[in-house]
Amino acid sequence: MTTDGGGVISGGRTALGIELGSTRIKAVLIGPDHARLAVGSHDWENQFVDRRWTYSLEAVWAGVQQSVAALAEDVRRRHGVELTTVGALGVSAMMHGYLAFDADGELLTPFRTWRNTDTGRAADRLSAEFGVNIPHRWSVAHLYQAILDGEDHVGRLGHLTTLAGYVHWQLTGEKVLGIGDASGMFPIDAATGGWSAPMLDRFDELAAEAGVELGLAGLLPGIAVAGQPAGALTVAGAELLDPTGRLGAGIPLCPPEGDAGTGMVATNSVAPRTGNVSAGTSIFAMVVLERDLSRMHRELDLVTTPAGDPVAMVHCNNGASELDAWVGLFAEFARALGSEADPSAVFEVLFRAALDGAADGGGLLAYNYLSGEPITGLEEGRPLFVRSPDSRFDLATFMRTHLFASLATLRIGMDVLQESEGVRLDRMFAHGGLFRTEGVAQRFLAAAIDTPVSVGDVAAEGGAWGMAVLAAFATGRPPGQSLADYLDETVFAGAALRTAVPEPADVAGFDAFMQHYVAGLPVQRAAVEHVGNEETTA
């Protein structure tokens, strides 16, 4: 624990991580011991505009500025000093998606987030041509789909990047991306750590076949690995972060990363045979591989750690949002009865109730698909709850079913990894809002993947804290030390963990639930076909 927080902050012996997540922008300041000194955040939501999920760039900067302002206020309140500098800075954001700019840096089309699944034709064709899985949300899938659709902006492209890459570019002037986030734009050559040259050439050929002359290599950002410098905060960048002018320029920045990479760091899951599950608006598992997979699987993405090691990723577009909506409904009911229960207390009560629910869901089924879900072949989402007439319909089983539903699609992908590929895990960590109620979602995840699952207080601030650690690693590690060793020997040394071991009854219950879940998928597809989807704010 940092004892002289004010002196550490005034002396610039700190690291700041900023992460733009799906529902919250968060800033976390850490000291030399990697303990949290201050935190600031801002809630935001995506919008469904012209049948695409997006955030405006104005919302990006308003949220970043409010998060930094809240952090500065927390510094004043906790430590009695002004935040005028930090020792290192890093930016992360939700993965992948599509941000396209012209040669003058003007946005050509609204930001297309990872949540959009209208790139099916492009993803299928590129996967077949490249021989590796190209998911719907990857930047190259969005680009090729725009080419196939004949979108006018393609001919004016000057630069492509991710949300983390965009924010970093505006802060530093550097068009660079951490390798973990880069691996979700376009396939990486493991031997060189750069973009795959043969695949770049093939993409340009495919674009030419569609009537577009495009040198993709010149549109993509540079790639850097964890520990490498990636520019410094400019005067203009400092004004973007802190319009009050208190924060000075010149702060070194580490490579920007995606939230998958920061999740790996925040859970000490960057070494082979380790993995982590991150659960929020989406839910995904990252498993660091010790060997190549035997073949391509459409359920598995091949990406990298922030240090460039190969990772198999199971990414599900839909995580806890539908579960949150039901909890919100119960909270509204409580208010109607005159109870002003704290939202966190409502979550606690409902999650703990799930522990007493029927082990197999008791004949209840729920699908948490607010948006499309590529793993189950759905291009659009329709949240759905259905039950048989003789089902066990009580609060405990209802909540258990919705918690199971938030993990079900992940289980489908993990079955491919664990059963088809025989990948083994020494440890699996979990983080994100789903796991805040101790011992509930953690226990169910252990049952879903039949693997011990650990959570720890050190990662309580999630990806923003992980990004701050990456910033500290870039400026303060011993020469030559690997990221894995830095985490093991410096950051997580002596960290306390709580581990849930799979209980046989839970494993059997989740297996039975999954049989019903998969059998019911045609009902979910019918809902997509027959139930309308009006534009709304998610």
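Mentor: Helices (H or I, at least four residues) and strands (E, at least two) are DSSP runs, numbered from the N terminus. This is a predicted model, in which local features need pLDDT of at least 70 and side-chain atom pairs count only at pLDDT 80 or more, while totals for chains, interfaces and linings use all residues. Residues are numbered from 1 along each chain as its sequence is written, and side-chain values use heavy atoms, leaving out hydrogens and water.

The part to look at is L157, which sits in the loop between α4 (139-148) and β8 (159-161). L157 is buried, with a relative accessible area of 12%, where buried means under 20% (1.4 Å probe, protein chains only). If residues up to four places away in sequence are not counted, L157 touches Y98, A100, F101, L108, L143, L214 and L219, a contact being heavy atoms within 4.5 Å. L157 and A103 are 54 residues apart in sequence, yet 6.9 Å apart in space from C-alpha to C-alpha.

Turning to the whole protein, 73% of the contacts between residues at least 6 apart in sequence join residues at least 24 apart, and 58% of the 538 residues count as buried. The secondary structure comes to 17 helices and 22 strands. The radius of gyration, taken over C-alpha atoms, is 22 Å, close to the 24 Å that the globule rule (2.2 Å times the number of residues to the power 0.38) gives for 538 residues, so the protein is as compact as a globular protein of that length. Along its principal axes, the C-alpha trace spans about 65 × 60 × 45 Å.

Note on methods. Buried means under 20% relative accessible area, exposed over 50%, partly exposed in between (1.4 Å probe, protein chains only).
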